[in-house]
Amino acid sequence: MKIQCSTALLSQACQNVQRAVSTKTSIPAVEGILIKALGNELILTGYDLEIGIKTSINAAIEEQGSIILNAKILCEILRNLPDETVKIESDDRNLAVITSGNTKYQIMGISADEYPELPTVKGGFPIVISQKLLRDMVRQTIFAVASTDSKVVYTGIKFELTENEIKLIAVDGFRMAIRKEAIDYKGDDVSFIVPSKTLSEVVKLAVADEDGEDYISMGIGKRHILFEIGGYSIISRLLEGEFLNYKAAIPVTASTRVSIDTRSFINSIERASLIINDKTKSLVSCIFDENVVKISSVASLGTANDRLDAEIEGNRVEIGFNNRYLLDALKACDTDTVRIELNGSISPILILPPEGDDFTFLVLPVRLKKND
């Protein structure tokens, strides 16, 4: 193989592809990036046997070929090269020579034949969605994904597609996040669970699109999903298993309804949380009564009390929460005010937009000591 291309272009592509490279493996090939020179393109692939990222850049190809180079070393070299262009040559012994300006590296590679083949997604359901919309929907649900759980399905986000609607659901046993939106979709009803790691990588590649004019294409297979975004292909396994019947977990009535300024509520909870740390595991107590919300916390360091106005209808409620879970949900809201629905001190709190249910955040309460 013998190629020449832009240093900056190759460096950026390798940095993005590297995110799918395994760092903990007994297989040396998957610690590397597969580089394939074909036609006038340089094709780069990273794959950790669960998620794969693939892209291509324009290059002057003098001699076609392929090689696997250690991802960490290659990315560090490219990031520090002095010239605008870089040349890479490799021989039959898989020795790669990287040259840029007066700088030259010789590093041993691995035969491309040892690289595992990426899965393919054929047929399935083609789905096209705005990059910005999917990024926002993932951001508003991924905080509720389980970090460790005996049920692997809860480490991913469930997608549900029905005619002209997409819905994302995440649960971790203490909270739930649901986000739905109208899209142009005429296919069959379908549901699948995507690992949160995969969606994190998709979101990172979607950061450049702020106006919603760029799109992501999703191809759904039986066991894998393929995302096409901005010149990158991301392929990932889907999670299998029985997901929570989330609809049954959502209360259908409320004895107390609250309308409150989102930012003010966040600020108040953060003030009450200043005396709380992970070691004490103290709670934040909220009293909803007579158009006032009283927020307080008690810890070994002392106490904190705050209050703010709100529109409240229904019964008085005193309820306790893990402050982080409540803050995560409120910070995921994209409305100036939120609607809160309650059913006493031991039922979940629902956080909704002022109108409709484009998002639904559910947080389980923690029993306050005096209610024990």
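Trainee: Which residue in β5 stands opposite K2?

Mentor: E63 stands opposite K2. Before we go on, this is a predicted model, in which local features need pLDDT of at least 70 and side-chain atom pairs count only at pLDDT 80 or more, while totals for chains, interfaces and linings use all residues. Residues are numbered from 1 along each chain as its sequence is written, and side-chain values use heavy atoms, with hydrogens and water left out.

Trainee: How do you know that β1 and β5 are paired?

Mentor: Two strands pair if DSSP finds at least two bridges between them. Strand β1 (residues 2-6) is joined to β5 by three bridges, so the pair meets that rule. The two strands run antiparallel. The strand names come from DSSP runs numbered from the N terminus (E, at least two residues, for strands; H or I, at least four, for helices).

Trainee: What makes β5 and β9 the edges of their sheet?

Mentor: The open sheet has five strands in the order β5-β1-β7-β8-β9, with antiparallel pairing. β5 (60-63) and β9 (103-108) each have a single partner strand, so one side of each is left without a neighbour in the sheet. From one strand to the next, the twist averages 15°.

Trainee: What joins β8 to β9?

Mentor: Six bridges join these antiparallel strands. I98 has Y105 in β9 as its bridge partner. The hairpin of β8 and β9 has two residues between the strands, and G101 there takes a positive phi near 60°.

Trainee: Which helices lie across this sheet?

Mentor: Helix α1 (residues 7-18) lies across β1, β7 (85-90) and β8 (95-100), at about 95° to β1. Helix α2 (residues 71-80) lies across β7, β8 and β9, at about 175° to β9. Such angles run from 0 to 180 degrees between N-to-C directions, with axes fitted to C-alpha atoms, for helices over the stretch in contact.

Trainee: Why are α1 and α2 called roughly antiparallel to each other?

Mentor: Their axes come within 9 Å and cross at roughly 150°. Angles under 35 degrees count as roughly parallel, over 145 as roughly antiparallel, 65 to 115 as roughly perpendicular and the rest as oblique. The α1 and α2 angle falls in the class over 145, so the two helices are roughly antiparallel. The residues in contact (heavy atoms within 4.5 Å) are T7, L10, S11, C14, Q15 and Q18 of α1 with A71, K72, L74, C75, L78 and R79 of α2. They divide into six nonpolar, four polar and two charged. Here Ala, Val, Leu, Ile, Met, Phe, Trp, Tyr, Cys and Pro count as nonpolar, Asp, Glu, Lys and Arg as charged, and the others, Gly among them, as polar.

Trainee: What makes α6 and α7 roughly antiparallel?

Mentor: The axes of helix α6 (residues 262-272) and helix α7 (residues 323-331) come within 10 Å and cross at roughly 160°. That value is in the class over 145, so the helices are roughly antiparallel. In α6, T262, F265, I266, I269 and E270 meet N323, L326, L327, L330 and K331 of α7.

Trainee: Which strands are the edges of the nine-strand sheet?

Mentor: β14 (190-195) and β22 (311-314) are the edge strands. The order of this open, antiparallel sheet is β14-β11-β12-β13-β26-β25-β24-β18-β22. Within the sheet, strand β12 (residues 165-171) and strand β13 (residues 175-182) pair over seven bridges, and A170 stands opposite A177 in β13. α3 packs on this sheet, touching β11, β12 and β13. α4 lies across β11 and β14, at about 85° to β14.

Trainee: Why is the pair of F143 and F361 called edge-to-face?

Mentor: A search of the whole structure finds six aromatic pairs. F143 and F361 are 5.6 Å apart centre to centre, with 75° between the planes. Rings of Phe, Tyr and Trp (its six-membered ring) pair if their centres lie within 6.5 Å; planes under 30 degrees apart count as stacked, over 60 as edge-to-face and the rest as tilted, so this pair is edge-to-face. F143 lies in the loop between α3 and β11 (156-162) and F361 in strand β26 (residues 359-363), so the pair ties together parts that are 218 residues apart in sequence.
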